[in-house]
Each structure stands twice: as C-alpha cells, then as structure tokens.
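Trainee: I would like to learn how to read a helix. Can we go through one together?

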Amino acid sequence: MPEELITDYETKLSTSDCHPGAEWFRVFVTLHDDISEVLPYLNAELDQPTDYRHSEGFLLWKHGNKNYAFRPTEIIIAPVADNEEALELTKSIIGTINDIWKRKDAITPDVEGSKPLPNALDLFKLLPRTNCRECGFPTCMAFAVELRTDFTKSSLCPDLSEDDFQGLVGS
C-alpha cells in the first residue's frame, strides 16, 4: 500500500485582499510534498462540481460553503472563520488527499476539466436585447450575467431559443 502523499505542511491564515474588511479568512496550506500526481484522482473522487485544469496543474472544488484550490505545493481554503476552523479543515482535506492517494490503484483518474462558463456577451447576443424585464431582471445584460452561472433560469426569457442556448452552453 502506498505511503501517505502529504507528510508535512504549514498553514497560514490570511485576510482576503479581494474583500477588505471581510469577517472571514483564507487559509494557505504550504505543502512540502508535490501533489500534482493526485489531482486527477481528486477530480475523480471529490463530490462534484470540480473544475480541473490538468495542463495548468490546478483543481478548484466547492464543498458546502467552502472553496478549495489545489496546486502542486499549495491548498487554499476559504472562507474560514478562525484559526481553529482553518486547522480543522486543513487536517480533514489532508486526510482526504492521503486516503485517495492510498486507494489510487482502485480509482480511474479523471483528467477532464469542466467546460468553461459561456461568455456573458455571447449569452447577451442570444437575448432579444429589448430590456422588457419579463425575466425579472432590469436589462438583458443583467439577465445574461446571471444566466452565465445559473442555466436553470433560461426559461425566464420567453424570447430565448432553447436550441440556440443549448448550442452555446452544451449542456
């Protein structure tokens, strides 16, 4: 049975540069071991959705209300309330990674990433651009931005062709 992949790491709690004044933190986990080889196995085993970029060497994962970013020698977890939660989440994800690594011979690695989200302007071009507000949004552009991340709202626009929409998003 393979040994644990991650044997040593350091954690650092940091405020978010993107959200000054936020009441939450990010935890940076610096790994002393390269986890590149386990990323396709994580992509196969972690609850979906994941966003894996094999050629770029990173995996993004949303689990509950936490976001995880995995890179060869780093893991970032956010939002984190305090140092105690940071240590608990770090210990848990390290355990998960080591467990998946130990079971890798029984797992089919998945190097496929998720399809990138469509561009809001491309979605906007599918809309009538009349700002009729029938969808509940003030403008067609606002609706396109929302639709980019929530495809289930496509039915809110009576003028959006389902065929054109499916052709763009491919779902």
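Trainee: Which exposed residues does the face of H2 turned away from its buried side carry?

Mentor: Some ground rules come before that. This is a predicted model, where local features need pLDDT of at least 70, side-chain atom pairs count only at pLDDT 80 or more, and totals for chains, interfaces and linings use all residues. Residues are numbered from 1 along each chain as its sequence is written, and side-chain values use heavy atoms, leaving out hydrogens and water. Buried means under 20% relative accessible area, exposed over 50%, and partly exposed in between (1.4 Å probe, protein chains only). Helices (H or I, at least four residues) and strands (E, at least two) are DSSP runs, numbered from the N terminus. Now your answer: that face of H2 carries Glu84, Glu88 and Lys91.

Trainee: Which residues are buried in H2?

Mentor: First, the general idea. An α-helix has 3.6 residues a turn, so residues three or four places apart point the same way. In H2, the buried residues are Ala86, Leu89, Thr90, Ile93, Ile94, Ile97, Asn98, Ile100 and Trp101. They lie on the same side of H2 because they cover an arc of only 165° around the axis. The arc is taken from the directions from the helix axis to the C-beta atoms.

Trainee: What do the buried residues of H2 pack against?

Mentor: Look for contact, meaning heavy atoms within 4.5 Å. Their partners include helix H1 (39–45), strand S1 (9–15) and S5.

Trainee: Where is lysine 66, and is lysine 66 buried or exposed?

Mentor: Lysine 66 sits in strand S5 (residues 66–71). Lysine 66 counts as buried because its relative accessibility is 11%. Among the residues that lysine 66 touches are Glu85 and Leu89.
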